[in-house]
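Have a look at the sequence and the model, then read on.

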Amino acid sequence: MENAQEKKFKECPIPDVLRIDSLFTFFRERFSRDYVFPGEYHDFTEAVCVTDGCVGVTADKTVYTLPAGRLIVHGANEFHKIWSVDGEPEAVVFSFAASAFPHGVSGVYTLTADDMTVLNGLCRDAERIFDRNGIIVERIKSGHESEASVFVKRLETFLIGVLTRAATEASVYKSRSAENYFRIVSVMENNIGSKLCAAELARLCAMSVPALEKTVKKFAGTGAAEHFTNMKIRRATELLREGKSVKHTALALGFSDQNYFSAVFKKRTGFAPTHIDRRR
């Protein structure tokens, strides 16, 4: 009888498509007409949901124009910048660490009316459940631990519903400067192991130095050489987490002096390259 039961009942594992482990931010913000966020990258995921107006977004080397009802996800260590395009736009922004995430997520996604209703409810509940310092989620309010767990499950369900749809292709920003920016970053990616100054980058991009600097400043918020160095540091983080040594990583990215590489890495990340957690 026991053997018959063992054959009749069989376990069916259910894999996590998306599992959010912690929150960093969760906020709704109305931007001014001239708002420009200079840009950043970090080792966790961030989602931007435009709820009113229109914003411009740089995501890695692609520039988008996002009207209301669009969502974009910035993966870990993806450079991103946002600015107002039309009036005083509004967006819901949240960032999180996830131990499981849908494969191949990129681009812009369309939010339905039902999605917007769920998002508004999440915003209201976030105010009630979490203590925040500005945009930062600091802790769960005492006595709201169960609600926080439910909140994260609802957020996961919301994201899975949106991100399993086809991406919206029509939001790519079409302009000569955006095309130039894409080309510049592509050149930087292809030469990530070289030591290149702004003049050398301009030559490879078939641009003047002033045009190169103006384009990178517009879409990345920094000078060309600074942006190139930041890209190297992001790549360095990936190599170190793969188990590469500091010496190997420095040489692979065009740093002939390991100590100089370590100093640059620490200046931009806040910690030494030897402290990278390879388990993440």
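1. Contact here means heavy atoms within 4.5 Å. Leaving aside neighbours within four places in sequence, N230 is in contact with Y41 and R268. N230 belongs to helix α7 (residues 224–241), where helices are DSSP runs of H or I with at least four residues and strands are runs of E with at least two, numbered from the N terminus. At 13% relative accessibility, N230 counts as buried; the cut-offs are under 20% relative accessible area for buried, over 50% for exposed and partly exposed in between, with a 1.4 Å probe and protein chains only.

2. Before going further, some ground rules. This is a predicted model, with pLDDT of at least 70 needed for local features and 80 or more for side-chain atom pairs, while totals for chains, interfaces and linings use all residues. Residues are numbered from 1 along each chain as its sequence is written, and side-chain values use heavy atoms, with hydrogens and water left out.

3. Back to Y41: the charged end of R234 sits over its ring, 5.4 Å from the centre. That label requires NZ of Lys or CZ of Arg within 6 Å of the ring centre and within 35 degrees of the ring normal.

4. How does α7 look as a whole? It has 18 residues and reaches 26 Å from its first C-alpha to its last, close to the 26 Å expected at 1.5 Å a residue; the expected span is 1.5 Å times one less than the number of residues. Of the 18 residues, 14 are buried, so α7 is largely enclosed by the rest of the structure. Just after α7, G243 takes a positive phi of about 105 degrees.

5. Helix α3 (residues 145–163) is worth a look too. Its 19 residues should span 27 Å at 1.5 Å a residue, and its end C-alpha atoms are 27 Å apart, which agrees. The buried residues of α3 include F151, L155, F158 and V162. Seen down the axis, the buried residues of α3 fall within an arc of 160 degrees, so they line one face of the helix; the arc is that of the directions from the helix axis to the C-beta atoms. On the face turned away from the buried side, α3 carries the exposed residues S146 and T157.

6. Now the aromatics. There are 13 aromatic pairs in the structure, a pair being rings of Phe, Tyr or Trp (its six-membered ring) with centres within 6.5 Å, called stacked if the planes are under 30 degrees apart, edge-to-face if over 60 and tilted for the rest. F24 and F44 are stacked, at 3.9 Å centre to centre and 10 degrees between the planes. F24 lies in strand β1 (residues 19–30) and F44 in the loop between β2 (36–40) and β3 (45–59), so the pair ties together parts that are 20 residues apart in sequence. F24 is partly exposed at 28%, whereas F44 is buried at 16%.

7. F255 and Y260 make a tilted pair, 6.1 Å centre to centre with 45 degrees between the planes. F255 is buried at 10%, but Y260 is exposed at 52%. Elsewhere, F26, F94, F96, F101, F130 and F151 form one aromatic cluster.

8. Which disulfides turn up? A search of the whole structure finds 0, taking a disulfide as a pair of cysteine sulfur atoms within 2.5 Å. For C49, the nearest cysteine sulfur is that of C123, 8.2 Å away. The sulfur of C54 is 15 Å from the closest cysteine sulfur, in C49, too far for a bond. C49 is buried at 0% relative accessibility, and C54 is buried at 10%.
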